[in-house]
Each structure stands twice: as C-alpha cells, then as structure tokens.
Amino acid sequence: MSATIPLPYMLDFYPLEDEKFTRIHQFFTNLKAGKFTTTRCKKCSTILWQPRVVCSECFSTELEWIELPKEGELFAYTAMVLGAPLGMEKEVPFVIGIVKLDGIDLKILSRIDDVKYEDCEIGMRVELKVIRLEDERVFYRFKPK
C-alpha cells in the first residue's frame, strides 16, 4: 500500500537553530556573533565537524566549544550545473568545495560564493562568509579572500 503526498514547492535546507529544536544551537549563536565554532571532546580531544553532542570516537558527551579559523585554502572543488536541490535551481551554476582550514587538521564541505568555477584553483585562499536568512537564521559559506 502506498500514499501520495504533494511535492513540496521548496525544501528548507537550513536547520532550525533555536535551542528548542537542536542541542547544537550554540553553533548558530556563535555564528551570529561572527565566530566559527565546533565541538571538541574533552575526553579524547577529537575535534568534531559538524558540531556534535556525542563524540563519534569515544561516545563521550563531555564536549567543549572551540573557535575555528575563518580562513583556509580550497582543497578540492566542483560546480553544480544540473540537479540542484529544490529551491536552488535558479542559482546554478555555483561552486562547491572542500576547504582546508588554516592551522588545524579539518576539512569542511561548503558552497564557495562570489567566484566562477573557471576562476577557482586548488590552494586558492578563502574566508568564511556568514549567510543571514530573512527569518534571522544564519548559515555559512566561504568566498575567495
């Protein structure tokens, strides 16, 4: 037996950020203040990306917030030209990249704004770009420095 449901007009990719909805609400509070943060396990010192409430290495719940560098270099990249998620179809083409943050062994997948695919290169310097949504939520991307 199956059921048919209407296809949503647009999906919302941005998480609800209030503490009523997520235990990592501090990430969004920090981002609103211009701080790029994540969690680190107090027990095994693993830096967790994305922020977590349980360490994926030792399962400890004793985590602390740490500030991350806001700059890094483009480690890899590609362009989204087809098949963009609903709600982002009008924004193609856009660049998606892996950013290696400065001074830390952490690579982050992110959209790379303000640059065309043809102008990207491995090792290109990038910096954090805080995206503010109309409803006051925030998210992050990177842009060339």
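Trainee: Is Phe 27 buried or exposed?

Mentor: This is a predicted model, and the answer rests on the computed accessible area of the residue. A residue counts as buried when its relative accessible area is under 20%. For Phe 27 the relative accessible area is 3%, so the residue is buried.

Trainee: Which kind of aromatic pair do Phe 27 and Tyr 140 form?

Mentor: Tyr 140 is buried too, with a relative accessible area of 5%. Ring planes over 60 degrees apart count as edge-to-face. The two ring centres of Phe 27 and Tyr 140 lie 6.3 Å apart and the planes stand at 85°, so the pair is edge-to-face.

Trainee: Which residue forms a stacked aromatic pair with Tyr 140?

Mentor: Planes under 30 degrees apart count as stacked. In the stacked pair the planes are 25° apart and the centres are separated by 4.9 Å, and the partner of Tyr 140 is Phe 139.

Trainee: Over the face of which residue does Arg 111 lie?

Mentor: Elsewhere, the charged end of Lys 107 is placed over the ring of Phe 75, at 4.8 Å from its centre. For Arg 111 the distance to the ring centre is 3.9 Å, and the ring is that of Phe 94.

How values were computed:
Residues are numbered from 1 along each chain as its sequence is written. This is a predicted model: local features need pLDDT of at least 70, side-chain atom pairs count only at pLDDT 80 or more; totals for chains, interfaces and linings use all residues. Side-chain values use heavy atoms; hydrogens and water are left out. Rings of Phe, Tyr and Trp (its six-membered ring) pair if their centres lie within 6.5 Å; planes under 30 degrees apart count as stacked, over 60 as edge-to-face and the rest as tilted. Buried means under 20% relative accessible area, exposed over 50%, partly exposed in between (1.4 Å probe, protein chains only). A charge sits over a ring if NZ of Lys or CZ of Arg is within 6 Å of the ring centre and within 35 degrees of the ring normal.
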